[in-house]
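Have the viewer open and follow along.

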Amino acid sequence: MGRRLDFLMQELNREDNTLGSKSISNITTQASVDMKVLTEQMREQIQNIE
């Protein structure tokens, strides 16, 4: 279960990166950075499941 969730977090991180790289708005860029931080925090928690 942990591996599957870790994979999903990797995919979410890729989406966060895509959002940030295609953003032309400062608000969207900041939201992307915030999402990356939260995604990384979730990923750290998921790694404890394995």
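Let's start with helix H2: its 22 residues reach 32 Å from the first C-alpha to the last, close to the 32 Å expected at 1.5 Å a residue. That expected span is 1.5 Å times one less than the number of residues. Helices here are DSSP runs (H or I, at least four residues), numbered from the N terminus.

Before you dig in, keep in mind that this is a predicted model: local features need pLDDT of at least 70, side-chain atom pairs count only at pLDDT 80 or more, and totals for chains, interfaces and linings use all residues. Residues are numbered from 1 along each chain as its sequence is written, and side-chain values use heavy atoms, with hydrogens and water left out.

- Look for Ser32, Thr39, Arg43 and Ile46, which are buried in H2 (buried means under 20% relative accessible area, exposed over 50%, and partly exposed in between, using a 1.4 Å probe and protein chains only).
- Seen down the axis of H2, its buried residues fall within an arc of 55 degrees, so they line one face of the helix. The arc is taken from the directions from the helix axis to the C-beta atoms.
- Those buried residues of H2 pack against H1, where contact means heavy atoms within 4.5 Å.

- Ser23 sits in the loop between helix H1 (2-22) and helix H2 (26-47), and it counts as buried because its relative accessibility is 18%.
- The side chains of Ser23 and Thr29 are joined by a polar contact of 3.0 Å (a pair of N or O atoms within 3.5 Å; within protein, one must be able to donate a hydrogen and the other to accept it, and residues adjacent in sequence count only if both atoms are side-chain atoms).
- A polar atom of the Ser23 side chain also lies 2.8 Å from the backbone oxygen of Ser25.

**Salt bridges**

- How many salt bridges are there? The count comes to 2, using a side-chain nitrogen of Lys or Arg within 4 Å of a carboxyl oxygen of Asp or Glu as the rule.
- One of them pairs Arg43 with Asp6, with the closest N and O atoms 2.9 Å apart. Arg43 lies in helix H2 and Asp6 in helix H1, so the pair ties together parts that are 37 residues apart in sequence.
- Both Arg43 and Asp6 are buried, and Asp6 has a relative accessibility of 13%.
- Arg14 and Glu11 also meet in a salt bridge (2.5 Å, N to O). Being 3 residues apart in helix H1, they are separated by about one helical turn.
- Arg14 is partly exposed at 45%, and Glu11 is partly exposed at 29%.

- Met1 and Ile49 are 48 residues apart in sequence and 7.8 Å apart in space, C-alpha to C-alpha. Met1 comes in the segment before H1 and counts as exposed at 74% relative accessibility.
- Met42, in helix H2, is in contact with Met9 and Leu12, leaving aside its neighbours within four places in sequence.

Definitions and conventions
Helix = DSSP H or I, 4+ residues; strand = E, 2+ residues; numbered from the N terminus.
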